[in-house]
Amino acid sequence: MENIVNKTVLFDYFSGRVSPLQKKAVEQWLAEPDNRERYYEWLHEWELSQLQMDANWQIAFDKVASDVVGQSLVDEPPPLVRQRRIGQIWLAVASVLLFLGFGSWLFRDKLLYETVQTGFGETRSVTLPDGSEVTLNANSSLRYARWFGRQISFGQWTLGGKQRVRTVELIGEADFSVRHLPDQQRFVVLTPKGLNVTVLGTQFTVFSRERNTRVVLRSGRVQLTLPRVHQRPLLMKPGDLATLDRKGQLALVKTVHPEAMASWKQHRFTFELTSLREIADMLHENYGLQITIKHDQLADRTISGSFPARDANEVLQLVAQLLQINYSREDNRVTFTD
Amino acid sequence: MNEAEGLPLQNPENRLRPLHPTDTPVAIVDNEHIVRKAFANSPEQGFETLFRLYYRPLCSHALRFVYTREVAEDLVGEVFYQLWKTGGYVAVQYTYRTYLYAAVRHRAFNYLRDELTGNRTPVSLDNVPELLLSETPQTLVEYDETYQRLEKTIQELPPQCQRVFLMSRFENRKNQEIADELGLALKTVEAHMARALQQLRKVFIGLAPLFFLVIH
């Protein structure tokens, strides 16, 4: 049987031009373990002679290389440089730092990063150097390198040059509208819980606070990775809502209103069977309020709908009205009662 | 099957020590030689060589399943990424070529099946070495038949429908753009797409039970 299967037969087989008997023979031939290598060798050769598309391997290699090298740095405190000649860069950075001494090392955060912060009850929009728009919700901070998305050269040394990654670090909640760059530079959002969001030109909201981490995608595509756990990257499609719970489990569900998660941009609050407990968490995170709910039954009551509110008091009034309950506020302490 | 499992494990030294080609009774051919030499220098050079040799044909092969350029490139990129990130490249049994093709085909097949049948296979689980061990002649033929049937199905679509489908998938164009360019109503374009996908779904409906049998 073996001798009837040769390269020509296999090429015809790949092209779908063999008789059923020949196909059977190929199947038998494949049962021989050694022939499997041969099979893939010929498949490769056949594919090369029948290419369906062209693709630039160099760009793809750079992308994967910078992803791999970049992520291995994420766990260390200063994720400064993600690129191939990492050793050389570090050497340069190290000697410069030594030269400038410990003092400037203390201020390196200020020197190297731009940080945007919002206080309680405040939202703010920023345009990043690459033209991407970010809107920060209350009590959040966003940090990015000063050379973000640009190329800076010192002779042969390049900072952020070959790297095809724009990296921002987010604590809290923000809505992103990422600009797609002609050189396909990726945009990555790092969150404290280790979930990384890689973007390919897109609109999405990232929520990363103590109680959980969520990502909602409105358009385009993003990829989620958890570099600390060995999990395969997860590709999100528009309308997907990804949640990372306290145990570090990543789950994906469809949501009909992905824009609802960014309604705070219009000073609106959107609830969908949202419990008073969750609303209390939100009030704590966004306005720094300490909320007490008299009993569990009350905490489990829910609200649905989208409502405008400009500040904490308006939200409190709204919630009290909708649930027909009372609240009292002294400074930052709020108590809900029946 | 026992033989298949036993064989690569029998003399792992030969497979795992590509750095000293003299030890190896040259079972490793042509490209593999270059790749292993490059890996001996550094993982970076190794991967650069792998990309140079295999990225293009792998994308092209993945495209036979998914019919979308970006998806094909992403799939292939992820396979490389995983191999690199997990350090699996240190101990690749068989050849790199076999590893890459098997992983890409597995992923491309699952991607399309999930897309057409509306399933969502949890993405975390594919352990390529295990995958290679569980590969049987039937699964290999199954994959080959799948892309061949897809091609046949697309070829047999009415010309306009085929054109719309390829513009939408391969060129990644929006329905409205296609409607404008071909001078069709948006509804017509949508109907063409629905019809094409309906036909493609049939490829999997006939296949699914068989495929599961093979896996278990």
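Biologist: In which helix of chain B do B:Glu32 and B:Arg36 both lie?

Modeller: This is a predicted model. B:Glu32 and B:Arg36 are 4 residues apart, about one turn of the helix. The helix that holds both is H3 (residues 30–41) of chain B.

Biologist: How far apart are the closest N and O atoms of B:Glu32 and B:Arg36?

Modeller: Side chains of opposite charge can pair when their charged atoms come close. A salt bridge requires the nitrogen and the carboxyl oxygen to be within 4 Å. B:Glu32 and B:Arg36 form such a salt bridge, and their closest N and O atoms are apart by 3.7 Å.

Biologist: Which side chain of chain A meets B:Glu145 in a salt bridge?

Modeller: Over all chains, the structure holds 23 salt bridges. Between chain A and chain B the count is 4. In one of these, at 2.8 Å from N to O, the partner of B:Glu145 is A:Lys23.

Biologist: How many residue pairs are in polar contact between chain A and chain B, and which class of residue does the side of chain A that touches chain B hold in what number?

Modeller: The polar contacts between chain A and chain B come to 21 residue pairs, both residues being at pLDDT 80 or more. Elements that give two or more residues to this side of chain A are helices H1 (7–14), H2 (20–30), H3 (34–49) and H4 (57–72), together with strand S13 (234–236). By class, the residues there are 24 nonpolar, 12 polar and 14 charged.

Biologist: Which residues of chain A lose the most area to chain B?

Modeller: The contact involves 50 residues of chain A and 57 residues of chain B. The two chains bury about 5100 Å² between them, with 59% of it on carbon and sulfur atoms. In chain A, 16% of what that side buries belongs together to the residues that lose the most area: A:Tyr40, A:Met53 and A:Arg232.

Biologist: Which element gives the most to the lining of the second largest pocket?

Modeller: The second largest pocket has a volume of about 660 Å³. Its lining has 26 residues, and those nearest the centre are A:Arg214, A:Ala260, A:Met261, A:Thr270 and A:Thr274. Strands S11 (213–219), S14 (240–244) and S16 (268–275) and helix H7 (276–287) of chain A each give two or more residues. With 7 residues, the element that gives the most is S16(A).

Methods:
Residues are numbered from 1 along each chain as its sequence is written. Chains are lettered from A and ligands numbered from 1 in the order in which they are written. This is a predicted model: local features need pLDDT of at least 70, side-chain atom pairs count only at pLDDT 80 or more; totals for chains, interfaces and linings use all residues. Side-chain values use heavy atoms; hydrogens and water are left out. Contact means heavy atoms within 4.5 Å. Buried area is the accessible area (1.4 Å probe) that two parts lose on being put together, summed over both. A polar contact is a pair of N or O atoms within 3.5 Å; within protein, one must be able to donate a hydrogen and the other to accept it, and residues adjacent in sequence count only if both atoms are side-chain atoms. Ala, Val, Leu, Ile, Met, Phe, Trp, Tyr, Cys and Pro count as nonpolar, Asp, Glu, Lys and Arg as charged, and the others, Gly among them, as polar. On a 1 Å grid over the protein atoms alone, a cavity is a set of points where a 1.4 Å probe fits but cannot get out, and a pocket is an open set with protein on both sides within 12 Å along at least five of seven lines; lining residues have an atom within 4 Å of a point. Grid points are joined across faces, edges and corners, and a volume is the space filled by probe spheres set on the points.
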